[in-house]
Amino acid sequence: MGLDPRLPESHILLSPHQMYAADTWAMQNGTSGITLMERAGKSVAEVATEMMPHNGDGTIIVLCGPGNNGGDGYVAARYLAEWGYTVSVMPISDIMALKGDAAIMARPWIGRTRPMDLNALKSADLVIDAMFGAGLDRDIEGDIAAVIEAVNEGSAVVLAVDLPSGLSGATGQVQGTAIQADTSVTFFSYKPGHILTPGRYYSGGIDNIHVVDIGISRDCLADIQVNTYWNTASLWQGAVFHPGPSSHKYDRGHVLVLGGREPALGASRLASLAALRSGCGLSTLACPSESYSIQATALTDVMVRRYDSSFGLLSIMADKRINTIVAGPGLGVGEKTTETILAVLNERRRTVLDADALTSLARQMVQLSDYSGQDIVLTPHDGEFKKMFPDISLDDRLSAARQAARQTDCVIVLKGVSTIVAAPDGRASIASNAPAWLSVAGAGDVLAGIIAGVLAQGLPLFESVSYAVWLHGKSGEVAGRGLIASDLLPAIAKSLP
Ligand SMILES: NC(=O)C1=CN([C@@H]2O[C@H](COP(=O)(O)OP(=O)(O)OC[C@H]3O[C@@H](n4cnc5c(N)ncnc54)[C@H](OP(=O)(O)O)[C@@H]3O)[C@@H](O)[C@H]2O)[C@@H](O)CC1
Ligand SMILES: Nc1ncnc2c1ncn2[C@@H]1O[C@H](COP(=O)(O)OP(=O)(O)O)[C@@H](O)[C@H]1O
Ligand SMILES: [K+]
């Protein structure tokens, strides 16, 4: 079982560097490295026993690397041997070259140590991958790549220690090649690479990544600038608006969605309805006169207004209770859209810019940082991101989203399998709850509406946007396979925490 997302602070993700700081803190505060490694290795062995037949049958091979990840492997091997399993160690490097804690922990290993044998690896029942963890600092090549390929091709079940070897704990990217684990055991907290994709899949999937307590006190977090989070309830539950018995719809905000012309009239409707479902008090769709009667006929719960110029839009926005704007879904790409967006931004309301708004801004290179200090959320998918930020590589999506947030002074929602929310102050959340079938036409329009509906309720920006992304993923799960975007609307109500 993975980590329970309701546990306090379960949302904290530590990069490999931050994890070193946590280990160091523990060592400076009375827990030796050896003790940490003993606990780490023992917990790996405990998980391994759950992956083996309980009668002790079957063979286990522990692949041990040159650093402390290898040290964890030696400890695990020792416990498994003590508990009666048939276990051998296959070092990938010279044992005599082990240093520090790993060298100390390799010494008590009196079981079988065998030379590299790819066939044996392929036919073992369980392979414990203790080659590289946090210390991976370059691509894997040559003989070690061949070892990884043999494990991946073989029939053994694979348990990764800390991280599958070859996976970057910081980015979730494969460096050269990586172990495809069935289960992973990591220490103290998840790492971003466990939640980001493809790392999550290489680690065995979120339910198969165990986070174990090795005795590092949470007090260490006071000295670590944590800024990366798993997007789960413990991150944002304080930012969910729960209406009191005497609360009024105006306490929950009023969203205005800017609609456009054919052929994408449904996009703005989806956004305006999603906003309402997410708990805002009122939702209005403003659209050009030519589509007014269509939109007004199609919508019952949303108010429909007409506007044919920025001036017309501003007169609708004269109602100061309208506190959140969505621009983009179905708005059309071009100068007119840019002009409309600039008029809206000057009104200084919370604003979600999506789809056509992003493409229009990318064409005109508007400096969003000129609106610094305003609550603006940009929700690009990869294609829109590349158009807006051609100089930022998407190889490392977490860094890319952070860089874009800093550059624009906006919150960036980089959509995808693991949607990232990045704030200009450096905080970022990574979602893991969206099912693959959420990727349907119009799902992004619904997300823009959910974000606005949550933002209208006035709670803190970063947490609210993270919550909205979670709610979108959860609605996809609740709506189930075969969903179309409008199925998400009733599912939002069923997914509210
Ligand atoms: N006491 C503690 O702190 C605790 C730590 N713990 C455990 O320690 C792990 C971190 O240990 P670590 O720092 O020793 O790094 P690790 O992942 O073993 O690898 C480093 C070695 O790999 C090598 N290397 C790197 N990339 C390579 C490549 N592509 N191809 C080939 N070689 C490559 C690199 O070689 P070099 O660069 O020196 O040539 C170096 O020798 C952590 O994940 C957790 O499991 C737990 O026990 C809890 C207590
Ligand atoms: N493989 C996937 N697994 C889960 N969610 C996905 C996947 N691919 C895309 N999504 C989500 O689906 C939504 C698609 O949005 P978008 O690309 O804007 O579509 P549209 O413009 O048609 O509304 C986003 O929220 C994105 O995060
Ligand atoms: K490993």
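Trainee: Which residues come nearest to ligand 2?
Mentor: This is a predicted model, in which local features need pLDDT of at least 70 and side-chain atom pairs count only at pLDDT 80 or more, while totals for chains, interfaces and linings use all residues. Residues are numbered from 1 along each chain as its sequence is written, and chains are lettered from A and ligands numbered from 1 in the order in which they are written. A residue is near a molecule or strand if its C-beta atom, placed from the backbone, lies within 6 Å of it. Of the 18 residues around ligand 2, the nearest are K415, A434, S439, A443 and G444.

Trainee: Which helix gives the most to the shell around ligand 2?
Mentor: Helices (H or I, at least four residues) and strands (E, at least two) are DSSP runs, numbered from the N terminus. The shell has nine nonpolar, seven polar and two charged residues; Ala, Val, Leu, Ile, Met, Phe, Trp, Tyr, Cys and Pro count as nonpolar, Asp, Glu, Lys and Arg as charged, and the others, Gly among them, as polar. Four residues of the shell come from residues 443-455, which form helix α17.

Trainee: Where does α17 pack, and what angle does its direction make with that of β13?
Mentor: An open sheet with mixed pairing has eleven strands in the order β1-β9-β18-β17-β16-β15-β14-β13-β10-β11-β12; two strands pair if DSSP finds at least two bridges between them. The edge strands, β1 (12-13) and β12, each pair on one side only. α17 packs on this sheet, touching β10 (254-258), β13 (322-327), β14 (350-353) and β15 (376-378), where contact means C-beta atoms, placed from the backbone, within 7 Å. With axes as lines fitted to C-alpha atoms, for helices over the stretch in contact, and angles from 0 to 180 degrees between N-to-C directions, the angle with β13 is about 165°.

Trainee: What is the hand of the crossover from β11 to β12?
Mentor: Strands β11 (residues 282-287) and β12 (residues 303-306) run parallel and are joined by four bridges. The chain passes from β11 to β12 through helix α11 (residues 289-298). A crossover is right-handed if, with the strands pointing away from the viewer, the path from the first strand over the helix to the second runs clockwise. This β-α-β crossover is right-handed.

Trainee: Which residue in β17 stands opposite V413?
Mentor: Strands β16 (residues 411-414) and β17 (residues 420-422) pair in the antiparallel sense, over three bridges. The residue of β17 opposite V413 is V421.

Trainee: Which element gives the largest share of the shell around ligand 1?
Mentor: Ligand 1 is surrounded by 27 residues, with G67, N68, N69, G133 and G135 the closest. The elements giving two or more residues to this shell are α2 (33-50) and α3 (68-82). The largest share, five residues, comes from α3.

Trainee: How far apart do the C-alpha centres of domain 1 and domain 2 lie?
Mentor: The domain assignment, automatic or from a database, gives domain 1 (12-226) and domain 2 (234-495). Their C-alpha centres lie apart by 41 Å.

Trainee: What is omega for the peptide bond from T197 to P198?
Mentor: Most residues other than glycine have a negative phi, and most peptide bonds are trans. P198 is found in the loop between α7 (192-195) and α8 (199-202). The bond from T197 to P198 is cis, with omega near 5°.

Definitions and conventions:
Two residues are in contact if their C-beta atoms, placed from the backbone, lie within 7 Å.
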